[in-house]
Amino acid sequence: MAEIPQKSGQVFIQWMPLGGSSVMFISALFEQEWFRAVLTFPVMIVTVIWANYTESFLKRLGEVFKEKGRQDVDSLMSCPKKMWKAFTETITWQLAGTDKKYLKCQGKECLQLKTEGLNTFKPKLSDVFVPLELSGNLFPDSQGRLTPPVLQGFNWRRNLTQNEDRQKDLSIWYILRKAQQNPLYRSLVIISKGGYGKTTLVRHITYIYTTNNLYEQKAYNAPKLLPVLLYLRKWQDLIADEKAPDLPTLIEKHHLPSLAGGDSLKLPPNWAKNHLDDGTMLVMLDGFDEVKEEWQKSVSEWISQQLKKYSNSFFILTSRPAGYHQYQGENKPQTPLFVKPLNEDLQNRFIEKWYLSWEGHISQELDPNEAQRKAAHLSQQLKPIENEINPLSDFATIPLLLNMIVNLDANYPQEKLPSRRTDLFLSIVRLQLGNRPLAKQVEMPLEPGESQQVLQQLALLMMEENQTKIEPDLRLENLTNYLACIDESVSATNFLKKN
């Protein structure tokens, strides 16, 4: 049956030049119009010659390529078994859609806005995320180490303005786009104090890469990469071991099986390694500061080895400043960035998005007007007050604390937030000193109550001196005295590092 279309095609090619001339010639013969018949006769002769030529040409061409096809198949079948197996496996895995299945597993882990230790309403991350602004403007501290601007006390706005008048705001998508041409941007370290949204940022990046949003919105316009989000506190014991697996093994044998549905996903040979070698993978290593102190050297050296070995791929490391100072690997991430505090516009956008999600959660019918009313009411309370200190205004610049503020406001809708300020302060202390480290399994030098006692003494000293900030040397001196009354084995430096 397959020969019928082939022969039809040959006949069409053979008699194509004749066109309508054959009809005219036959018609002229029947009607005995000899003059018209003579005019069309040369076309008939040319067509007959063309038909015989093409018949022989096409027949011989078919024979040649038929034999060529036999030879190629015989050659392929005579290849070593390993090569033939690799060929068939490649075809099989291309049809299996492994990358798409992996993205589905990884994406499930980043659907909600999660804050360890904060047991409150958890909206969808895509509903409330606001783009964090990054900066490459780092400053040397008293020991020459690079650190973000010190944003302590209530004068952070003035300090930040003085330090960043000429600094351009950066987005992570801008950096990733630049990394396509500039290898320096392929290994980043994002540095900020606790609560500024480092983990939320890498979760957001992961979520965007596991959905179609990356290509549907021009705002992203980033290179196509396969995201891998690794929490260092989860894998630190494995990485710090003398027989630590390399990055591809960690991804395939440990990370993927830990994801929902990942344990049943079959991978092609060298799947992770091939992506890393080809530069099509984005590896995010979150929370270097959460690694145990005795393992930080080993973990940093392991990270450095992977950065060097897979330099074509993209890496993002996150850490608090004090933790990153302990990074001892020779090959550090090449581009340091820090997360900037939320400006007023981003605060308002987060609050409005959060309340839209909240209204949809607590009622069957979403009322955008009610959500906007509540958001505007809260935003008004957070605005800076001229010539006055408004702690809420400064708290709102930190994503974690802003999230706590919105949750508190939603639970006490009839009261102004300042009247619940004590509740907010207690929630912050409880979260930072106890619930959050416990949820992250981070070892603290003191029990939560003991840490609170030390910090209260320091706060009392600052109030008595009418100071909103304290010099580093004086702070260390006083902390040393306070800690001596509770636990002499805890140094002031280590206490500050953990808190």
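**Figure 1. Overview of the chain and its burial.** Of the 499 residues in the chain, 43% are buried (under 20% relative accessible area; exposed is over 50%, and partly exposed lies in between, with a 1.4 Å probe and protein chains only). The model is predicted: local features need pLDDT of at least 70, side-chain atom pairs count only at pLDDT 80 or more, and totals for chains, interfaces and linings use all residues. Residues are numbered from 1 along each chain as its sequence is written, and side-chain values use heavy atoms, with hydrogens and water left out. The secondary structure comes to 23 helices and eight strands (DSSP runs numbered from the N terminus: H or I of at least four residues for helices, E of at least two for strands). The accessible surface is about 28,400 Å², and carbon and sulfur atoms account for 53% of that surface (Shrake-Rupley method with a 1.4 Å probe; for residues, only the protein chains shown count as cover). Among contacts (heavy atoms within 4.5 Å) between residues at least 6 apart in sequence, 71% join residues at least 24 apart.

**Figure 2. Aromatic pairs around Trp354.** The whole structure holds six aromatic pairs (rings of Phe, Tyr and Trp, the last by its six-membered ring, with centres within 6.5 Å; planes under 30 degrees apart are stacked, over 60 edge-to-face, and the rest tilted). Trp354 and Tyr355 form an edge-to-face pair because their planes stand at 85°, with the ring centres 5.4 Å apart. Trp354 also pairs with Trp358, and this pair is stacked, at 5.4 Å centre to centre and 15° between the planes. Both Trp354 and Trp358 belong to helix H16 (residues 344–362), where they are four residues apart, about one turn of the helix. Trp354 has 0% relative accessibility and so counts as buried; Tyr355, at 2%, is buried as well.

**Figure 3. The largest nonpolar core.** This core has 57 residues (a nonpolar core is a set of buried Ala, Val, Leu, Ile, Met, Phe, Trp, Tyr and Cys residues joined through side-chain atoms within 4.5 Å). Ile172, Trp173, Ile205, Leu282, Ile316, Trp354 and Tyr355 touch the most other members. Helix H19 (residues 399–411) gives the largest share, seven residues. Leaving aside residues up to four places away in sequence, Tyr355 touches Ala371, Lys374, Ala375, Leu378, Val406, Asp409 and Ala410. Another core lies apart from the largest one and has 35 residues, including Val189, Trp271, Met281 and Trp302.

Figure 4. H9 (residues 198–209) spans 17 Å from first C-alpha to last, close to the expected 16 Å (1.5 Å times one less than the number of residues). H19 has 13 residues and reaches 19 Å, close to the expected 18 Å.

Figure 5. Lys332 lies over the face of Tyr324, 5.0 Å from the ring centre (a charge sits over a ring if NZ of Lys or CZ of Arg is within 6 Å of the ring centre and within 35 degrees of the ring normal).

**Figure 6. The surroundings of Gln236.** Gln236 is part of helix H11 (residues 232–240). Its relative accessible area is 6%, so Gln236 is buried. Not counting residues up to four places away in sequence, Gln236 touches Glu290, Val291, Lys292, Trp295 and Val299.
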